[in-house]
Amino acid sequence: MASEGYLVLQQTRVWSQRLREKGLTWDQIAEVIALTHDVTPLRLYRLAHGHTAADVVALVNDADPAGTAALRESRLYDFESHTGRRPPARLLAALAMVYQTTARNLVPSARLASYGAADHEVIDRADFRASDANRTAAPRHVTMDESAAVTAADTAPLDAAACVRLLHATGAEEADVKRRELLFELALVFGGSQALSLLRILTPEEEERLAGVLRNTWRMDEATVRTFEKLTLQARRADDVSGPATLLPAVNGQRTAVGKLLARESMAPGLRDRLLDTYAQLSQLTGYLTYDLCEYTAAEQPLRDGLRAALDLGDPTLIAFMHYWLGRMATDQNRTAAVFDHAFALQSWAARSPSKLLTSLHQALCALAHAAEGDASGSARAHENALASAGAPKENEPTFLYWVAPPVVESRRSTLLIRLNQPRDAVNAAERYLAGHDPRFTRLHGFALARYARALTAAKEIPEAAARLTEAADITKQHSSARLAQEIHQARARLEPWATTTYVHQLDETLRSCGLTSAGPAART
């Protein structure tokens with residue numbers, strides 16, 4: 001085989017393996033390969049299966065020991081050529097069986113018309129698509145709570161149309177053919193076209209090394225671990241700006257890939273610890289993004305999976321961080337006893353950690369739990385402690401705590417005061433925060449506006465409440481947090497007694513234009 005042809009076969013073999021993992025049939029894979037390779041259908045299906053000409057000749061001849069469809073490599077190449085001879089109908093039937101498709105799919109429609117009636121009968125009967133495992137497998141819905149034990153194909157399914165969109169997206173992103181194909185390969189592993197925005201930050205050398213490790217043709221090394229760490233931090237930053245909807249498939253795809261590498265690779269203990277740390281962080285981020293989509297049950301599993309990985313690693317800072325997010329999710333579910341449980345666990349692990357910022361997270365959880373119980377003094381005391389601790393220097397802190405800072409902690413004061421039914425104090429707290437908020441945290445800004453509107457409504461300042469809620473609704477155009485949309489619904493529900501006023505009517509128009517309905521779930525007390 002010519003070197004160029006072998007390189008094409010190697011490339012399409014890798015693509016095909018990834019696409020099969022995603023659940024695509026052989027027919028769908030042939031359609032995808034056809035977008036980038038101008039070859040005949042016969043060659044398309046051979047490339048899709050990753051077979052050399054010698055492989056196909058052996059398979060055809062083994063399937064027909066009588067020799068009625070005897071085939072040689074040179075003859076197969078001739079049949080595969082655009083200008084070559086027409087393959088006999090019986091050979092097409094044999095090849096259809098090998099490629100698990102129909103004989104009709106193996107010849108162009110113009111050439112198909114040249115066959116006689118008897119040949120057409122043979123061709124029409126040759127349908128072996130039922131033997132394609134991806135076609136006959138019963139479809140099932142896989143939820144995120146199964147994600148620790150399933151492949152990327154289950155948690156981020158791609159169909160042929162999605163693969164076509166991905167090919168077009170990589171073509172638009174990158175003019176260099178080699179790098180375009182590398183991006184396509186990596187994006188297939190990391191969840192599809194949503195992963196392209198993350199992969200943009202990698203250098204060509206990082207992409208090539210990462211692809212080699214994922215193919216199992218290169219060994220895991222420190223540079224590849226650094227690449228995973230780089231992608232993880234970029235995903236956290238991206239979430240601050242745009243939210244979970246498009247990011248979740250890419251993060252969970254990366255998490256699944258790292259999990260497979262940990263199970264497959266034998267590596268130095270230090271390198272393995274760093275990769276396990278990355279897996280724990282990706283599990284936390286997958287859980288958090290799922291939680292931000294209000295899928296609380298589904299978010300529990302990756303968060304628990306991250307906690308197990310952190311315990312295996314023995315990192316008290318990471319273990320405490322997992323307990324914080326499990327506690328935060330329990331807060332939204334009104335499970336106050338669970339919030340206290342995670343707060344106490346966090347405190348225990350924080351005592352073994354060099355991190356000073358964990359004290360702020362522990363006190364912040366306690367403030368929420370006390371507020372849920374109606375303990376105003378306990379909530380205020382814990383909040384002030386959280387605020388003071390959040391100002392600790394960050395020089396020796398892990399990157400996943402980059403967001404812990406006094407302004408972020410202060411943004412939650414209005415939440416506590418609303419739960420404690422202190423609307424005027426909540427209004428003042430929201431105004432102080434909004435006067436100096438950090439523009440990097442789009443979602444946080446939206447939450448502050450929605451809670452401000454809720455406090456203003458309780459204070460009977462309806463025009464101002466509608467105006468602030470309109471600002472919060474506009475943020476949902478760029479950020480996909482379902483929790484933020486839910487917060488806006490709850491604040492709007494409080495405005496229902498004033499639904500006929502001009503202010504609220506204009507707010508409802510804005511909500512509809514943002515894809516939000518004016519009526520939402522009953523507000524939590």
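A residue is called buried when its relative accessible area is under 20%, exposed when it is over 50%, and partly exposed in between. Keep in mind that this is a predicted model.

Q: Is Cys294 buried or partly exposed?
A: The relative accessibility of Cys294 is 22%. Buried would require a value under 20%, and exposed a value over 50%. Cys294 therefore counts as partly exposed.

Q: Is Gln284 buried or exposed, given its place in helix α17?
A: Gln284 sits in α17, which spans residues 269-292. Leaving out residues up to four places away in sequence, Gln284 touches Arg236, Pro302, Leu303, Phe321, Met322 and Trp325. Its relative accessibility is 2%. Since buried means under 20%, Gln284 is buried.

Q: How many residues does the largest nonpolar core have?
A: Among the residues with the most contacts inside this core are Phe190, Trp403 and Leu275. Beyond its neighbours within four places in sequence, Leu275 is in contact with several residues, including Met220, Phe228 and Val258. Another core, of 27 residues, lies apart from the largest one. The number of residues in the largest nonpolar core is 120.

Q: Which helix supplies the largest share of the lining of the second largest pocket?
A: This pocket has a volume of about 480 Å³. Of its 17 lining residues, those closest to the centre include Leu7 and Gln11. Helices α1, α12 and α14 each supply at least two lining residues. The largest share, 7 residues, comes from α1.

Methods. Residues numbered from 1 in each chain as written. Predicted model: local features only at pLDDT ≥ 70, side-chain atom pairs only at ≥ 80, totals over all residues. Heavy atoms only, no water. Core = buried A, V, L, I, M, F, W, Y, C linked by side-chain atoms within 4.5 Å. Buried < 20%, exposed > 50% of the residue type's maximum accessible area, 1.4 Å probe, protein only. Contact = heavy atoms within 4.5 Å. Helix = DSSP H or I, 4+ residues; strand = E, 2+ residues; numbered from the N terminus. 1 Å grid on protein atoms, 1.4 Å probe; cavity = no way out; pocket = protein on both sides within 12 Å on 5 of 7 lines; lining within 4 Å. Points joined across faces, edges and corners; volume = space filled by probe spheres on them.
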